[in-house]
Amino acid sequence: MTPFDYARASDVADALRQGTIAGSAYLGGGTNLVDLMRETVARPEQLVDVSTLPVAIEESEDGGLLIGGAVRNTVLAEHRAVRTRYPLLSRAILAGASAQIRNMATVAGNLLQRTRCTYFYDTDGSRCNKRQPGSGCDARDGFNRIHAVLGASDACVATHPSDMCVALAALDATVHVDGAAGARTIPFADFHRLPGDRPQRDTSLDPGELVTAVALPPMPVGARSTYRKVRDRTSYAFALVSVAAVMELDGDRIRHVRIAFGGVAHKPWRAVKAEAALIGGPATHQAFLDAAAAEFADARPLRDNAFKPALASRTLAAVLEELAKGDAT
Ligand SMILES: Cc1cc2nc3c(=O)[nH]c(=O)nc-3n(C[C@H](O)[C@H](O)[C@H](O)COP(=O)(O)OP(=O)(O)OC[C@H]3O[C@@H](n4cnc5c(N)ncnc54)[C@H](O)[C@@H]3O)c2cc1C
Ligand code: SF4
């Protein structure tokens with residue numbers, strides 16, 4: 001590990017003062033960043049510890065929730081308002097990592113965690129455009145079982161690893177950030193990027209910007225929601241595919257639906273084509289499969305992950321059937 005300085009930020013202004021210095025990185029729970037530093041993928045000169053600010057979960061005026069960036073994943077998953085009003089978010093968080101890691105991990109750190117592509121972590125000879133721009137991408141023709149089937153580029157086929165972020169995408173969350181140019185909000189769909197020709201940039205954050213909070217809008221009245229993760233082992237494994245969905249029925253027709261997939265793209269994938277195919281139509285198994293087919297029509301599987309579109313489609317149909325039957329809340 002390369003030597004570095006450590007400083008604890010006393011408040012947001014102090015964090016920004018220190019975090020905007022070149023070579024600084026914010027430290028949340030450290031469960032991803034410290035691993036990246038051990039592997040010398042990340043080499044910050046200074047860590048600015050922001051794990052104590054801000055940590056509140058507050059009711060917002062519109063009936064939603066405002067979640068501080070430093071709230072621990074376990075605290076969020078177990079919060080009463082989250083469990084009762086946003087159960088998909090609670091389920092998504094609890095499907096990730098281990099209890100010990102969730103106890104340490106922060107909301108902001110979860111958003112900013114980096115891909116689990118093996119070649120990204122292998123500094124000992126693997127070519128990776130995300131780690132070293134312009135060097136190439138060994139995953140394209142290498143071991144790519146966990147990689148993207150939607151929205152990838154020649155430069156990078158990595159997936160975003162977070163479970164929590166898939167639920168936030170389906171919830172239409174907003175990310176609150178602060179930085180040298182002032183505070184701003186970013187719709188969740190615009191927070192993470194597709195790789196294009198700059199895969200080194202995971203998000204639309206400017207250098208030194210701090211994630212201060214995540215806002216959840218109120219859930220539609222009568223909506224049911226859930227999260228399902230499919231993985232190689234039932235614990236301690238990242239998603240091969242996952243589905244977060246919110247659905248509201250009007251009789252046996254779909255009044256409102258929001259769907260996001262995990263494990264299929266460089267960002268949590270909001271399934272706008274599937275949603276458009278479903279809204280106003282019948283809540284049937286065939287309609288769910290047809291909607292998934294519309295979403296994955298442009299899928300470009302790689303050597304080892306051709307199973308993903310079919311697996312994601314079946315998972316979506318199962319999740320929506322569960323919601324239609326009222327088996328989830
Ligand atoms: C063994 C293992 C298994 C895991 N399994 C899963 C899984 O199944 N599903 C899943 O979703 N995740 C999984 N994870 C990942 C885990 O969820 C993340 O490591 C965690 O959420 C990161 O949060 P953190 O607070 O520790 O972030 P840190 O490691 O502290 O930071 C991560 C990144 O966020 C930046 N950052 C931190 N706070 C801020 C801020 N306020 N503003 C701007 N940038 C900030 C840091 O600079 C860094 O770049 C696993 C991790 C491990 C080690
Ligand atoms: S898929 Fe992306 S992260 Fe993985 S090796 Fe290629 S460029 Fe690097």
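Student: What volume does the second largest cavity have?

Tutor: The general idea comes before the case. Rolling a probe the size of a water molecule over the atoms shows where empty space is left. A cavity is a set of points, on a 1 Å grid over the protein atoms alone, where a 1.4 Å probe fits but cannot get out. Grid points are joined across faces, edges and corners, and a volume is the space filled by probe spheres set on the points. Here, the second largest cavity has a volume of about 50 Å³. One caution: this is a predicted model, where local features need pLDDT of at least 70, side-chain atom pairs count only at pLDDT 80 or more, and totals for chains, interfaces and linings use all residues. Residues are numbered from 1 along each chain as its sequence is written, chains are lettered from A and ligands numbered from 1 in the order in which they are written, and side-chain values use heavy atoms, with hydrogens and water left out.

Student: Which residues line the second largest cavity?

Tutor: Lining residues have an atom within 4 Å of a point. For this cavity they are Gln113, Arg114, Thr115, Lys130, Thr159, His160, Pro161, Asp202 and His266. Sort them by class: one is nonpolar, five are polar and three are charged. Ala, Val, Leu, Ile, Met, Phe, Trp, Tyr, Cys and Pro count as nonpolar, Asp, Glu, Lys and Arg as charged, and the others, Gly among them, as polar.

Student: What is a pocket?

Tutor: A pocket is an open set of points with protein on both sides within 12 Å along at least five of seven lines. Take the second largest pocket, with about 320 Å³ of space. Its lining has 21 residues, and Arg116, Ile146, Ala237, Phe238 and Ala239 lie nearest its centre. By class, 10 are nonpolar, seven polar and four charged.

Student: How many residues surround ligand 1?

Tutor: A residue is near a molecule if one of its heavy atoms lies within 4 Å of it. Ligand 1 has 31 residues around it, and Tyr26, Thr31, Leu33, Thr106 and Asp163 are the closest. The shell counts 15 nonpolar, 12 polar and four charged residues.

Student: Which side chains have an N or O atom by an oxygen atom of ligand 1?

Tutor: Look for polar contacts (pairs of N or O atoms within 3.5 Å; within protein, one must be able to donate a hydrogen and the other to accept it, and residues adjacent in sequence count only if both atoms are side-chain atoms). For Thr106 the distance is 2.7 Å, and for Lys229 it is 2.9 Å. Taken alone, ligand 1 exposes 980 Å², and the protein buries 91% of that. Such areas come from the Shrake-Rupley method with a 1.4 Å probe; for residues, only the protein chains shown count as cover.

Student: Which element gives the most residues to the shell around ligand 1?

Tutor: Helices (H or I, at least four residues) and strands (E, at least two) are DSSP runs, numbered from the N terminus. α7 gives the most, with four residues.
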